[in-house]
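Subject: Handover of a structure and findings

Dear colleague,

Please find the structure below, together with its sequence. A description of the findings follows it.

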Amino acid sequence: MNKTSSNTMALAPNPSNKRETVCIFGTGDFGRALGHKMIQSGYPVVYGSRSTQISNLIPKDAEVLGHAEAAQKAAVIIVAIQRQHYNFLAPLAEVLHGKVLVDISNNLKLNQYPESNAEHLAQLLPGSKVVKGFNTVSAWALQSGTLDASRQVFICGDDVEAKQMVMNIVRGLGLTPVDKGSLLAAQEIENYPLQLFPMWKFPIFLSLGLGLFFFFYSLALDVIHTYIYENNNFLFFIAITVPNRVFPVMALTLLGLVYLPGIFAAIIQLYRGTKYRRFPNWLDKWMLARKQLGLIALAFASLHAVFTLVTPLRAFASWRTSRQIISQALSNETVPLDHTNAWLSDSYLAMGMLGFFLFVLLGITSLPSVSNSVNWREFRFVQSKLGYLALILCTAHTMIYGGKWFLNPSAYKWYLPDIYMLSLVVPCAVLVVKFVLIFPCVDKPLTRIRQGWERKPRYSEQSNYIINKSAV
Amino acid sequence: MNKTSSNTMALAPNPSNKRETVCIFGTGDFGRALGHKMIQSGYPVVYGSRSTQISNLIPKDAEVLGHAEAAQKAAVIIVAIQRQHYNFLAPLAEVLHGKVLVDISNNLKLNQYPESNAEHLAQLLPGSKVVKGFNTVSAWALQSGTLDASRQVFICGDDVEAKQMVMNIVRGLGLTPVDKGSLLAAQEIENYPLQLFPMWKFPIFLSLGLGLFFFFYSLALDVIHTYIYENNNFLFFIAITVPNRVFPVMALTLLGLVYLPGIFAAIIQLYRGTKYRRFPNWLDKWMLARKQLGLIALAFASLHAVFTLVTPLRAFASWRTSRQIISQALSNETVPLDHTNAWLSDSYLAMGMLGFFLFVLLGITSLPSVSNSVNWREFRFVQSKLGYLALILCTAHTMIYGGKWFLNPSAYKWYLPDIYMLSLVVPCAVLVVKFVLIFPCVDKPLTRIRQGWERKPRYSEQSNYIINKSAV
Amino acid sequence: MNKTSSNTMALAPNPSNKRETVCIFGTGDFGRALGHKMIQSGYPVVYGSRSTQISNLIPKDAEVLGHAEAAQKAAVIIVAIQRQHYNFLAPLAEVLHGKVLVDISNNLKLNQYPESNAEHLAQLLPGSKVVKGFNTVSAWALQSGTLDASRQVFICGDDVEAKQMVMNIVRGLGLTPVDKGSLLAAQEIENYPLQLFPMWKFPIFLSLGLGLFFFFYSLALDVIHTYIYENNNFLFFIAITVPNRVFPVMALTLLGLVYLPGIFAAIIQLYRGTKYRRFPNWLDKWMLARKQLGLIALAFASLHAVFTLVTPLRAFASWRTSRQIISQALSNETVPLDHTNAWLSDSYLAMGMLGFFLFVLLGITSLPSVSNSVNWREFRFVQSKLGYLALILCTAHTMIYGGKWFLNPSAYKWYLPDIYMLSLVVPCAVLVVKFVLIFPCVDKPLTRIRQGWERKPRYSEQSNYIINKSAV
């Protein structure tokens with residue numbers, strides 16, 4: 001189909017409002033679902049099938065013909081067959097010449113083949129215009145209209161006209177086409193529906209591991225130690241008390257781990273005196289996982305907030321309160337307000353709440369639609385400045401919570417530090433090094449390095465210079 | 001306007017930065033607002049009007065001419081007149097030949113005419129290129145720039161070049177064009193601004209009805225029964241106590257109703273032995289309302305969370321607490337910690353909080369920008385796996401809350417079950433059937449049916465086979 | 001490059017999957033970063049440089065040539081040099097004729113030059129096709145792939161083909177091109193990365209000023225007055241009590257300020273008898289800042305909610321509770337439930353929670369992805385109807401909180417009203433005037449004015465009629 005015919009088609013008066021016929025090769029589940037949807041949307045559909053005997057599964061308004069006859073009836077052909085059977089299309093090369101072939105296939109594993117199915121099809125039929133698309137849509141979602149997760153249809157292809165035709169069909173079905181460029185993007189598009197949160201795997205396993213460690217650590221010190229030495233059975237602490245000791249520790253540690261790689265990167269750049277060398281692989285991966293680590297930290301912080309607020313509703317809390325009050329009442333004493341205590345209690349609560357508030361703000365700005373509406377400078381301002389402020393507030397919250405217990409030997413059950421002390425290690429390390437890094441005598445050379453300056457420029461052509469990620 | 005002239009225009013050096021003249025037919029409110037906006041954005045504007053006497057309402061930098069003269073001055077003509085007066089454009093057919101006509105009209109009712117206004121215009125003037133657009137923008141928003149709700153301008157039309165020209169004008173006005181395909185989409189675009197949350201109507205009315213029923217049920221048992229039999233006037237319970245009994249009941253019931261249609265669908269498919277038959281209409285509608293039902297359930301759950309957390313701040317709660325403590329103190333007794341009670345209290349709180357946390361996660365993933373950034377597999381994982389986990393946790397929360405009261409006759413005032421028992425009906429039914437459905441002997445045939453297998457395939461051509469929605 | 005050659009290129013079979021060579025003028029930081037990214041994405045890159053001696057900073061797979069030779073090797077040339085040096089491109093005009101020049105430059109200040117850099121380049125080289133782009137992407141983000149804030153690349157240009165070519169490269173790099181129209185948009189695109197929340201400046205400074213005033217006002221009355229006259233040192237109130245008196249006052253005042261400009265606008269329109277005159281400048285600015293004011297009000301309301309819920313956990317609160325209970329126990333009295341008090345306490349809490357709930361709903365609908373998915377009618381319904389309901393509930397919450405203290409002289413320390421009374425001024429004024437405005441005798445003429453009717457139409461051509469913003 002050349003430019004002129006396409007234009008003629010578009011300009012032609014369209015009195016009957018009839019849409020262009022679409023051909024579908026293959027009568028499998030997805031081919032039928034797509035056909036039904038197209039007929040509903042007003043497209044005449046013709047199926048190309050090996051056997052032209054009428055199957056009852058095919059939508060009744062569709063025609064069923066042999067492949068060659070079906071192909072001749074339409075400009076766009078949906079190839080709803082599996083990659084293994086692409087070879088049988090080779091004899092049809094002449095009929096398919098100049099036609100738009102839409103490859104909708106999916107694989108079973110990531111990167112199953114060296115080249116994508118769509119590119120394979122394009123090499124097989126160089127005279128046809130191959131467009132990749134529809135593979136991210138589920139047959140069920142197509143039918144039901146509840147396309148919350150997949151209203152977007154990723155399209156790619158080397159021919160602009162062909163892509164436009166397919167995108168118009170996508171719109172005609174009530175979906176949103178997203179142009180991903182040339183056919184080189186097909187591999188990515190084919191891998192897309194096979195992924196299950198690939199960016200989240202490492203952060204989630206790290207959190208699970210850390211969480212289990214802290215859980216059993218807290219269980220040992222808060223429940224088992226109490227049971228052995230104080231003869232108190234507080235096994236029910238497993239429901240709220242122990243989790244609510246683990247949640248804040250996880251939140252603070254993970255928040256520290258969000259900012260730690262940036263610190264490492266700065267130290268490496270200062271040590272090397274250049275930014276034009278690749279970071280170690282582990283640091284690269286870590287830096288790319290920061291957003292996910294931050295969101296998991298936010299989840300733990302939210303759980304900590306709710307588990308804390310619920311305290312007065314617990315039977316244990318009201319029992320403890322009434323016991324304290326009754327013992328005071330029976331001994332006929334009136335305790336005056338302990339001002340130091342009131343200060344500590346109020347300030348650690350205030351720090352925690354303000355830190356949590358900033359943390360939630362950070363979470364909101366990481367929503368795709370919000371982060372798309374701010375520019376790079378604004379995003380860095382929020383994530384870096386507000387992020388560090390949140391880290392400082394949450395660290396201070398934990399320190400004041402600990403209060404004077406740091407120096408008290410009785411806080412060290414079995415000679416082990418309490419769990420909240422462990423949680424301070426990473427954030428304190430980050431804050432101390434960060435504090436050193438903002439000294440002018442350190443900050444100046446670092447800034448110059450990040451602007452491209454090198455301490456000892458080398459001219460050997462062999463070295464593989466790759467522009468480095470500057471740390472945030 | 002042919003291809004060549006369009007290209008020439010784009011390539012021509014543009015030293016004076018002058019934009020192309022735009023013609024507006026009609027000097028009504030929206031026509032004037034659009035004209036002002038265009039002049040502000042640098043477009044010369046010429047109005048086509050029946051009377052060319054200068055009206056003071058028309059922007060002073062605009063020219064006013066007769067329709068024919070005005071049309072000759074521009075390639076794009078905004079038709080800002082009502083559908084009833086389209087006929088008077090017929091005599092201008094020759095002047096308007098090849099011009100781009102932008103239909104910006106709206107109707108007063110949904111589907112007021114058999115065909116859309118834009119299609120009507122295109123049939124009237126087959127030589128012109130009709131583009132639909134701007135009808136979703138409000139005159140006020142156009143002027144003020146506070147276009148939060150309507151920065152998007154939906155565009156459709158059969159001529160690609162004409163659409164591009166209109167989309168460039170849209171961008172020139174600082175708005176975002178959204179290409180909705182051919183002129184067939186005009187009906188949908190014209191209906192769009194008339195809608196008021198059409199998907200929400202049924203879920204909201206259902207929630208209102210259920211909510212009122214549960215409110216009066218709780219009022220009868222918790223306030224009126226207490227007043228009659230215990231002579232306690234707890235009318236002030238209407239403010240917090242009674243709502244906070246209705247909110248969790250609504251949340252749990254609605255969450256159950258989100259998963260119930262999927263259960264029905266599975267049973268129907270198992271019974272019929274095929275997925276190639278349409279579900280009953282009520283089930284179709286119900287399945288499409290699940291997202292809205294879920295979000296309303298989340299709203300009730302959030303209200304329940306806040307209304308519960310506020311408990312210790314209530315005058316009634318502090319009065320009750322102090323009365324209990326004082327009576328204990330006066331009788332000189334020290335009650336030991338009731339471990340069963342502590343277990344029950346802590347575990348129902350923990351279940352509730354974890355369930356609510358998952359529920360909020362589900363809500364966040366249903367934000368358009370988040371659900372657009374996950375694929376179908378990830379969306380199903382979150383909505384199905386995490387959703388059922390939330391349902392299980394919330395059901396367990398309610399059951400443990402009830403505790404041993406289920407078997408206690410005094411819990412049945414007026415021989416009626418308490419409100420929380422009613423809330424368990426739907427979710428328990430869902431969970432029990434779901435539990436049966438995941439048994440291999442049931443799950444296997446169901447999976448095969450959903451993959452396209454049929455128990456007794458039929459070959460009668462008459463039956464209207466439509467691929468069914470497989471339940472989630 | 002004409003239409004035909006472009007088509008030929010797209011249609012040509014692409015067996016080696018090689019992408020088109022891209023030329024980059026300039027070997028600065030961003031030029032190198034872009035080159036590295038392009039090589040990674042499969043584009044052959046050739047640098048045009050004054051000195052062709054091989055610098056070790058340039059990616060090793062890239063070629064380095066003189067400007068003219070480099071330009072001849074590619075159809076697309078990235079101009080990664082600063083505006084001051086554009087003049088040296090003039091002698092290359094012949095070589096660059098017909099080439100696509102991508103201007104990626106940024107300025108140091110907003111509107112630094114009368115015309116944008118891209119337009120300046122286009123005037124300098126009228127034979128080339130200038131496209132603006134890539135300036136909003138950071139060199140770091142380009143390399144690291146963590147493009148949360150800048151996956152979008154804004155593109156503009158007068159030549160459609162040239163723009164398409166650049167947009168394909170953008171997609172090839174894994175970024176999302178956003179077409180902003182003709183080269184006139186270059187100024188806006190160049191200003192974009194220099195902004196730091198421009199719409200937020202006025203609302204934030206206003207909130208800071210108001211917040212400081214209320215903080216010291218509350219400090220004086222709640223801490224200093226108590227210290228002087230009651231000899232109570234409550235300095236620790238600074239942490240939670242005083243902030244939690246300022247937060248609700250700020251939230252309610254700012255929420256009132258969101259609806260106040262609409263009231264002013266209505267009064268001005270009624271007084272003038274026309275909507276066709278521009279509002280005073282301060283009112284225009286105020287109306288455009290309403291969304292930001294509302295979100296800041298929501299932030300304060302959220303802080304108020306958390307600071308209130310945390311009350312029972314404060315050492316001060318538990319000390320006060322136990323002191324009250326013990327004094328009751330010691331005097332051997334049992335206080336009966338004060339029903340008025342229970343009513344007041346429960347209803348002000350319920351009002352506050354419902355108001356806050358609606359407020360959060362409003363905040364959610366102002367998320368870009370949510371507000372884009374509702375139409376103008378739905379947006380107005382939420383923002384206007386639900387917004388006023390939230391304002392009414394929050395005002396009632398504050399009034400009932402005050403209770404009978406309004407008339408009690410002891411509430412007026414130093415003859416000054418308490419801080420919560422001050423917070424009622426703006427919202428009460430808004431609600432009273434709004435109540436008057438919805439009377440039919442006022443609403444009718446206002447509606448007619450907003451539909452375009454004028455009380456005394458004038459015909460003097462000199463007056464500068466501009467369609468006014470009608471208030472929401």
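In what follows, a residue is called buried under 20% relative accessible area, exposed over 50% and partly exposed in between, with a 1.4 Å probe and protein chains only. Helices (H or I, at least four residues) and strands (E, at least two) are DSSP runs, numbered from the N terminus. This is a predicted model, in which local features need pLDDT of at least 70 and side-chain atom pairs count only at pLDDT 80 or more, while totals for chains, interfaces and linings use all residues. Residues are numbered from 1 along each chain as its sequence is written, chains are lettered from A and ligands numbered from 1 in the order in which they are written, and side-chain values use heavy atoms, with hydrogens and water left out.

Strands of chain A

Strand 5 of chain A covers residues 100-103; A:Val100 and A:Val102 point one way from this strand, A:Leu101 and A:Asp103 point the other way, and all are buried. Two strands are said to pair if DSSP finds at least two bridges between them. Strand 5 of chain A pairs in the parallel sense with strand 4 (residues 76-79) of chain A over four bridges, and A:Leu101 has A:Ile77 opposite. Strand 5 of chain A also pairs with strand 6 (residues 129-132) of chain A, again in the parallel sense and over four bridges. There, A:Lys132 is the bridge partner of A:Asp103. Strand 5, helix 5 (residues 117-124) and strand 6 of chain A form a right-handed β-α-β unit; right-handed means that, with the strands pointing away from the viewer, the path from the first strand over the helix to the second runs clockwise.

Strands of chain B

In strand 1 (residues 22-25) of chain B, B:Val22 and B:Ile24 point one way, B:Cys23 and B:Phe25 the other, and all are buried. Strand 1 of chain B runs parallel to strand 2 (residues 45-48) of chain B, joined by four bridges, with B:Cys23 opposite B:Val46. Together with helix 2 (residues 29-40) of chain B, these strands make a right-handed β-α-β unit. Four bridges also join strand 1 of chain B to strand 4 (residues 76-79) of chain B, and the strands run parallel; here B:Ile24 stands opposite B:Ile78.

Salt bridges

Side chains of opposite charge can pair when their charged atoms come close. A salt bridge is counted when a side-chain nitrogen of Lys or Arg is within 4 Å of a carboxyl oxygen of Asp or Glu. The whole structure holds 33 salt bridges over all chains.

In chain B, the side chains of B:Lys132 and B:Glu190 form a salt bridge at 2.8 Å, N to O. This pair links distant parts of the chain, as B:Lys132 is in strand 6 (residues 129-132) and B:Glu190 in helix 7 (residues 186-191) of chain B, 58 residues apart. Both B:Lys132 and B:Glu190 are buried.

In chain C, the closest N and O atoms of the salt bridge between C:Glu115 and C:Arg83 are 2.8 Å apart. C:Glu115 is in the loop between strand 5 (100-103) and helix 5 (117-124) of chain C, and C:Arg83 in the loop between strand 4 (76-79) and helix 4 (93-96) of chain C, 32 residues apart. C:Glu115 is partly exposed, at 21% relative accessible area, whereas C:Arg83 counts as buried because its relative accessibility is 9%.

C:Lys132 forms another salt bridge, with C:Asp103, at 2.7 Å between the closest N and O atoms. C:Lys132 lies in strand 6 (residues 129-132) and C:Asp103 in strand 5 of chain C, so the pair ties together parts that are 29 residues apart in sequence. Both C:Lys132 and C:Asp103 are buried. In chain A, salt bridges that share partners join A:Asp222, A:Arg245, A:Lys413 and A:Asp418 into one network.

Backbone angles

Most residues other than glycine have a negative phi. B:Phe134, however, has a positive phi near 70 degrees. B:Phe134 lies in the loop between strand 6 and helix 5 (139-144) of chain B and is buried, with a relative accessible area of 1%. C:Phe197 likewise has a positive phi, near 45 degrees, and is found in the loop between helix 8 (186-191) and helix 9 (201-229) of chain C.

Yours sincerely
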